[in-house]
Amino acid sequence: MDITNGVVIVDKEKGYTSHDVVNVIRKIFSTRKVGHTGTLDPDATGVLPVCIGKATKVCDMLTFSDKEYEARVRLGIVTDTQDISGKVLAENNVDVTEAELKNAVNAHMGEINQIPPMYSALKVNGQKLCDLARKGIEVERKPRKITVYESEMSEFDGVDFKLRVKCSKGTYIRALCHDIGQMLGCGAVMTELRRIRSSIFDVTSAYSLDELKALAEKNALSDVLIPIDAIFEEYPKLAVPGNVRKRLCNGATAVVPASVGTYRVYDDDGKFLCIAEVSENAQNGKNTIKMTKAFFD
């Protein structure tokens, strides 16, 4: 199997930035063309899909996908980073019942407005917020629409609890914990964060960097590399003849005997070519196909 194109799911450990992981993967797979699909803070762990070769074309698509996290949260503390690593700004007594905590968690579900934390990689006027924060500069951040699909708290001991969250792209779990603490009036910080799912990938199919290094020594990396077309299994498969392949690869449309929709397109030899859209031609009533994302040479 080709190990120069595909996606590997890394179980990132603490202490590594997402860029650190990319550098290690470059060495393991002996290629420079590597990209990750969504930043994880150095202290966070869990699922980090890393794209290799042609698969880097889907980095943006996976970055904007839904995520699922497990976090540990501590009530009674407020920090400048909204997690336990930051400078403590306030310490408060905690007098919160489990019912009150559940209500606060449930209040932060659905489509909500969230103000991004200052300690984040988000850019304002071309500058990263975290760079400004380290200089002691705080700027106004506009609230952003996010969606929390599911949020469940457990293991509450009066101060600490576990929070599992399924959410849309752009959600800051640190900010979510902070906002829950503000609603309760005592403050809160995130003490641990683990991403357990990103897009279609979950932690059960993830490998540590040490495991990947060991597989490389055994020439067994093909066992863990996910083919590019597997990322699009939600779309039906469509094989096209040579004349249609030629038109697609040249950016033109072609008539196909397929219903309207999105397809994974292959040539006669079974080689994955692209993602394409089939639509109805209003002039002649025939369905035509046009490429939307290319993966051919």
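Student: N219 sits in the loop between α6 and β14 (237-239). How do you know what counts as a helix or a strand?

Tutor: Helices (H or I, at least four residues) and strands (E, at least two) are DSSP runs, numbered from the N terminus. By that rule the protein has seven helices and 18 strands. Keep in mind that this is a predicted model, where local features need pLDDT of at least 70, side-chain atom pairs count only at pLDDT 80 or more, and totals for chains, interfaces and linings use all residues. Residues are numbered from 1 along each chain as its sequence is written, and side-chain values use heavy atoms, with hydrogens and water left out.

Student: Back to N219, then. Why is N219 called exposed?

Tutor: Set its value against the cut-offs: buried means under 20% relative accessible area, exposed over 50%, and partly exposed is in between (1.4 Å probe, protein chains only). N219 has a relative accessible area of 72%, so it counts as exposed.

Student: What is the phi of N219?

Tutor: Phi is near 55 degrees, a positive value in a residue other than glycine. N219 comes after α6. S30 also has a positive phi, about 55 degrees, and is not a glycine. S30 belongs to the loop between α1 and β2 (34-36).

Student: What makes S30 exposed?

Tutor: Its relative accessible area is 67%, which is over 50%, so S30 is exposed.

Student: Now α6 itself. Which residues of α6 are buried?

Tutor: L209, L212 and L215 are buried there. Looking down the axis of α6, the buried residues fall within an arc of 120 degrees, so they line one face of the helix. The arc is taken over the directions from the helix axis to the C-beta atoms. D210 and E217, on the other side of α6, are exposed.

Student: What do the buried residues of α6 pack against?

Tutor: They pack against β1 (6-12) and α1, where contact means heavy atoms within 4.5 Å.

Student: How are α1 and α6 oriented relative to each other, and how do you know?

Tutor: Two packed helices are described by the angle between their axes and the distance between the axes. The axes of α1 (residues 18-29) and α6 (residues 209-217) come within 10 Å and cross at roughly 10 degrees. That angle makes α1 roughly parallel to α6. Angles under 35 degrees count as roughly parallel, over 145 as roughly antiparallel, 65 to 115 as roughly perpendicular and the rest as oblique. The axes are lines fitted to C-alpha atoms, for helices over the stretch in contact, with angles running from 0 to 180 degrees between N-to-C directions.

Student: Which residues meet in that contact?

Tutor: V21, V24, I25 and I28 of α1 meet L209, L212, K213 and A216 of α6. Sorted by type, the residues of this contact are seven nonpolar, no polar and one charged. Here Ala, Val, Leu, Ile, Met, Phe, Trp, Tyr, Cys and Pro count as nonpolar, Asp, Glu, Lys and Arg as charged, and the others, Gly among them, as polar.

Student: What makes a group of residues a nonpolar core?

Tutor: The residues must be buried Ala, Val, Leu, Ile, Met, Phe, Trp, Tyr and Cys, joined through side-chain atoms within 4.5 Å. The largest such core has 28 residues, and L75, L101, F161, L163, I173, I180 and L184 touch the most other members. Elements that each supply at least two residues include β4 (67-75), α3 (98-107), β11 (160-167) and α5 (173-184). The largest share, five residues, comes from α5. Another core lies apart from this one, with 19 residues, among them F29, V34, L209 and L212.

Student: And α3: how do you know where its buried residues L101, A104 and V105 lie around the axis?

Tutor: These three buried residues of α3 cover an arc of only 100 degrees around the axis, which puts them on the same side of α3. What covers them includes β10, β11 and α5.
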